[in-house]
Amino acid sequence: MFDNKSILITGGTGSFGKMLVRTILARYKPKRLIIFSRDELKQFEMQQIYNDPCMRYFIGDVRDANRLTMAMRGVDIVVHAAALKQVPAAEYNPMECIKTNIHGAENVIQAALLNQVKKVIALSTDKAANPINLYGATKLASDKLFVAANNIAGQDPTRFAVVRYGNVVGSRGSVVPFFQKLIDQGKHSLPITHAEMTRFWITLQQGVDFVLRNFERMKGGEIFVPKLPSVRITELAKAMAPELSHDIIGIRPGEKLHEVMCPADDSYHTFEFDDFFVIGPTINFNNRNNDFSRTAAGENGQAVAQGFEYNSRDNPDFLTIEQLMALNKQVVFE
């Protein structure tokens, strides 16, 4: 799938991008592996680690359609990971978030179509499901753009899909490195936003593996959602520092008590597979098979019950404190 292919990663200097590069270089022999991002310092630092002959580093912003179009010349596969992701920053800087997450998504689509890129997967977030903050709303708009882009492509070969999952353990800004920093500083307590808060649990490597696998599964127009265990934030804190007390500080603006990845309103076009869900498009594609109960890789799924919602509170799979303690030792901090 990826051998002798030209692959471009937007936002490639982020936590996900670096793990994706590490994994591709270890498993495959790509023709070109292109990092497209706007931070020259991060690119310089990344080049010191990832300097394989196939590597290319492009300074550019997804807001710049012309630069994206130039960077995608001869590209076979695109992973769109660039986004403004911080919820409070998006609330205070709404137009900047819209420019990157919505207009940037449109630019990625147009550049891919112009260059007849074969496959594009865009990273989404649980916050795009029933969004209550601007970041989630922009990512929902982005998801809709990538799904509808399959109709725009028409008879052209380009296909677009979306991968959705929640906060990644160990990534910049996530709770595990935040707690670890406080523990290392010798704090006497850990801040908990709400005693009942739950989250899905996925590592960077699991996220990368899921994205790579879905290039084989995708027909175009799907939103792929992995089945994941949930964690209670209070138990995560106990697993990391059992001797520390907890301070309940209240939910932050735009924050949810529980993560949702498959909303109940989408249940009528959601399919369950062995270890993932597929949310099919709400629109029909012209001149194409609109049955998403079977993947391009030949896996068969079943329609979920009407009203089914996949959320971190009702998830039947919760990690215990002992499991969390063991898994925390495997976390790679970025």
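F146 is in contact (heavy atoms within 4.5 Å) with H80, A105, V108, I109, V120, A122, F160 and V162, leaving aside its neighbours within four places in sequence. This is a predicted model, in which local features need pLDDT of at least 70, side-chain atom pairs count only at pLDDT 80 or more, and totals for chains, interfaces and linings use all residues. Residues are numbered from 1 along each chain as its sequence is written, and side-chain values use heavy atoms, with hydrogens and water left out.

**Nonpolar cores**

- A nonpolar core is a set of buried Ala, Val, Leu, Ile, Met, Phe, Trp, Tyr and Cys residues joined through side-chain atoms within 4.5 Å.
- Buried means under 20% relative accessible area, exposed means over 50%, and partly exposed lies in between (1.4 Å probe, protein chains only).
- The largest core has 75 residues. F16, M72, F146 and Y165 have the most contacts inside it.
- A second, separate core has 18 residues, including F179, I192, M197 and W201.

**Cysteines**

- A disulfide is a pair of cysteine sulfur atoms within 2.5 Å. The count by this rule is zero.
- C97 is buried, at 1% relative accessible area.
- C262 is also buried, at 0%.

**Salt bridges**

- Side chains of opposite charge can pair when their charged atoms come close.
- The structure holds 14 salt bridges. Each one puts a side-chain nitrogen of Lys or Arg within 4 Å of a carboxyl oxygen of Asp or Glu.
- R63 and E96 form one of them, at 2.9 Å from N to O. R63 lies in the loop between β3 (55–59) and α3 (65–71), and E96 in helix α5 (residues 94–114), so the pair ties together parts 33 residues apart in sequence.
- Helices (H or I, at least four residues) and strands (E, at least two) are DSSP runs, numbered from the N terminus.
- R63 is partly exposed, at 29% relative accessibility. E96 is partly exposed too, at 31%.
- R213 and E299 meet in a salt bridge at 3.6 Å, N to O. This pair links distant parts of the chain, 86 residues apart: R213 is in helix α8 (residues 204–217), and E299 is in the loop between β16 (276–279) and β17 (302–303).
- R213 is partly exposed, with a relative accessible area of 30%.
- R313 and D314 also meet in a salt bridge, at 3.2 Å from N to O. R313 is partly exposed at 47%, and D314 is partly exposed at 49%.
- One network joins R213, E216, R217, D275 and E299 through salt bridges that share partners.
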